[in-house]
Amino acid sequence: MVDISAHSEFDRKENPLERQRELMELLSQETRHSIIQALLGHPEVLASADELNHFVPSKSKKTVKEQLEVLVGAEILAVYEYPPNQEKRGLPWKFYGFTEYGADILGDFNYLNGVPMARAVHQKTRKPEKIERHETAPRPPLPESVRATFRLDEEAK
């Protein structure tokens with residue numbers, strides 16, 4: 001497991017190549033990479049754990065959960081909560097989405113160039129009813145800077 005928080009802020013500033021290597025390792029691990037691709041393809045760039053489990057094939061829920069925790073710990077992702085859904089059976093109320101820092105990192109590593117393809121794949125993927133219900137569930141807004149990075153407001157027009 002990659003622990004990018006183990007190095008001090010001073011070390012990161014002093015050795016940007018080491019920081020870049022750590023980030024490449026963080027982003028390229030198979031399950032984490034699949035999670036990122038699934039989020040890039042999601043129409044809201046904000047998905048429930050069940051949605052991510054559907055789009056990260058042949059990995060156990062435990063593995064996906066562990067790798068989500070790594071990405072949250074690295075501040076690439078955050079957990080966004082939508083409490084009104086807690087009262088509604090069958091709807092998720094916790095979602096995973098990119099942080100401003102995470103969106104910046106994806107830009108630095110050219111992941112954003114793949115968004116159109118990831119969205120096309122997501123759109124064409126057959127989804128069971130539960131995943132469709134999760135995909136259309138109300139969810140909290142992402143920070144404006146993240147919305148702007150993924151041009152979410154432009155697509156709504």
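# Core, helix packing and local backbone

Gln67 is buried, with a relative accessible area of 12%; buried stands for under 20% relative accessible area, exposed for over 50% and partly exposed for values in between (1.4 Å probe, protein chains only). The residue belongs to helix H5 (residues 61-73), where helices (H or I, at least four residues) and strands (E, at least two) are DSSP runs numbered from the N terminus. Leaving aside neighbours within four places in sequence, Gln67 is in contact with Gln29, Thr31, Arg32 and Ile35, contact being heavy atoms within 4.5 Å.

The model is predicted: local features need pLDDT of at least 70 and side-chain atom pairs count only at pLDDT 80 or more, while totals for chains, interfaces and linings use all residues. Residues are numbered from 1 along each chain as its sequence is written, and side-chain values use heavy atoms, with hydrogens and water left out.

A nonpolar core is a set of buried Ala, Val, Leu, Ile, Met, Phe, Trp, Tyr and Cys residues joined through side-chain atoms within 4.5 Å. The largest one here has 38 residues, and the members that touch the most others are Ile35, Ile36, Leu40, Leu52, Phe98, Leu106 and Phe150. Helix H3 (residues 30-41) supplies the largest share of this core, 5 residues. With neighbours within four places in sequence left aside, Ile36 is in contact with Leu27, Leu71, Phe98, Leu106 and Tyr111. In soluble globular proteins, nonpolar side chains tend to be buried together.

By the rule used for rings, the count comes to 1 aromatic pair. Rings of Phe, Tyr and Trp (its six-membered ring) pair if their centres lie within 6.5 Å; planes under 30 degrees apart count as stacked, over 60 as edge-to-face and the rest as tilted. The ring centres of Phe98 and Phe150 are 5.5 Å apart and the planes are at 20°, so the pair is stacked. Phe98 lies in strand E3 (residues 94-98) and Phe150 in the loop between helix H9 (144-149) and helix H10 (152-156), so the pair ties together parts that are 52 residues apart in sequence. Both Phe98 and Phe150 are buried.

Two helix pairs are tabulated next. Axes are lines fitted to C-alpha atoms, for helices over the stretch in contact, and angles run from 0 to 180 degrees between N-to-C directions.

| Helix pair | Angle | Axis distance |
|---|---|---|
| H3 and H7 (residues 115-124) | about 85° | 7 Å apart |
| H2 (residues 16-28) and H6 | roughly 100° | within 12 Å |

Angles under 35 degrees count as roughly parallel, over 145 as roughly antiparallel, 65 to 115 as roughly perpendicular and the rest as oblique. H3 and H7 are therefore roughly perpendicular to each other. Their contact is made by Gln37, Ala38, Leu40 and Gly41 of H3 and by Val115, Ala118, Arg119 and His122 of H7. H2 and H6 are likewise roughly perpendicular to each other. Here Arg19, Leu23 and Leu27 of H2 meet Tyr101, Ile105 and Leu106 of H6.

Most residues other than glycine have a negative phi, and most peptide bonds are trans. Val45, not a glycine, has a positive phi of about 50°; this residue sits in the loop between H3 and strand E1 (46-47). Val45 is buried, with a relative accessible area of 0%. Asn110, also not a glycine, has a positive phi of about 60° and is found in the loop between helix H6 (100-108) and H7. Asn110 is exposed, with a relative accessible area of 52%.
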